[in-house]
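Hi,

Here is the model I promised to pass on.

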Amino acid sequence: MPEHKYTHRLIRLNRYIANAGVCTRREADQLIKEGKIRVNGEVVTQLGTKVSRTDTVQWDNKKLQARRRFYVLLNKPKGFIATVKNIDDPRHVMQLVKTACKERIYPVGQLDREDTGLLLFTNDGELTKKLMASTYKKEQVFQVQLNEPLQEKDLEKIKKGIRINGELIEVPNIRWVKQVDKSVVGIEILSHKNRVVKRIFQSLGYKVARVDRVLYLGLTKKNLKRGHWRMLTEKEVRNIKFF
């Protein structure tokens with residue numbers, strides 16, 4: 001394709017396609033190689049091609065529009081649904097972040113209605129796919145309230161890893177939050193599974209009264225009140241993308 005005098009910053013074509021919400025960058029590379037992408041009416045097959053946001057990019061004759069990406073962190077309160085369904089429900093977490101941006105954003109992963117703590121929202125499909133991949137192990141720390149003190153023998157069992165539905169759940173760290181009340185436990189896990197924290201304790205005969213996610217992908221609840229949200233900083237976005 002001929003060279004253009006761009007007046008805007010150039011970005012890689014695969015990134016432009018991914019920003020439009022079509023697919024991941026890797027999948028965009030495949031579309032380019034297969035000759036399915038046109039730039040200003042011309043088929044482009046060369047990987048690494050750069051375009052301006054003023055260029056016309058098409059996939060299967062459909063014009064793509066690169067979107068601005070948003071990353072929102074919510075300190076979820078108790079009693080709110082946190083799934084990608086029923087988003088118009090007045091008790092859905094989407095109602096808590098509806099003023100964050102005009103773009104449609106979605107929660108990454110789930111927390112049960114009665115769970116509290118950190119929940120990430122974004123319109124970055126590539127990042128969401130990465131974080132939700134079954135092979136991806138993301139750092140999460142929860143504070144858990146049990147119906148009775150956690151026995152030391154059970155704490156040691158959990159440290160060694162608990163097998164849930166045939167999968168060994170890694171537990172890098174677990175401890176009592178306060179020695180005077182051993183029913184409150186801090187636990188770090190490396191798993192994408194929903195409700196895995198509850199299942200760990202339930203497998204040992206405990207009932208879980210409360211689950212609060214206090215750390216997620218290096219993000220904390222510092223200065224973020226329950227029910228409030230904030231935008232991630234550029235540094236935080238870079239960190240979670242390469243976490």
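First, a term: pLDDT is the predictor's confidence in each residue, from 0 to 100, and a contact means heavy atoms within 4.5 Å. This is a predicted model, so to speak of local features I needed pLDDT of at least 70, and side-chain atom pairs count only at pLDDT 80 or more, while totals for chains, interfaces and linings use all residues. Residues are numbered from 1 along each chain as its sequence is written, and side-chain values use heavy atoms, with hydrogens and water left out.

The protein's mean pLDDT is 88, with 96% of its residues at 70 or more. Watch residues 1–7, though: pLDDT stays under 50 there, and the model has eleven contacts for them beyond four places in sequence. Where pLDDT is low, the predicted coordinates should not be read in detail.

Now the sheet. Strands are DSSP runs of E, at least two residues, and helices are runs of H or I, at least four, both numbered from the N terminus; two strands pair if DSSP finds at least two bridges between them. There is an open, antiparallel sheet of four strands, ordered β3-β2-β5-β6. Its edges are β3 (42–43) and β6 (62–64), each pairing on one side only. Strand β2 (residues 37–39) is joined to β3 by two bridges, and R38 has V43 in β3 as its bridge partner.

Finally, D154 belongs to helix α4 (residues 152–159). Beyond neighbours within four places in sequence, D154 contacts L204 and Y206.

Cheers
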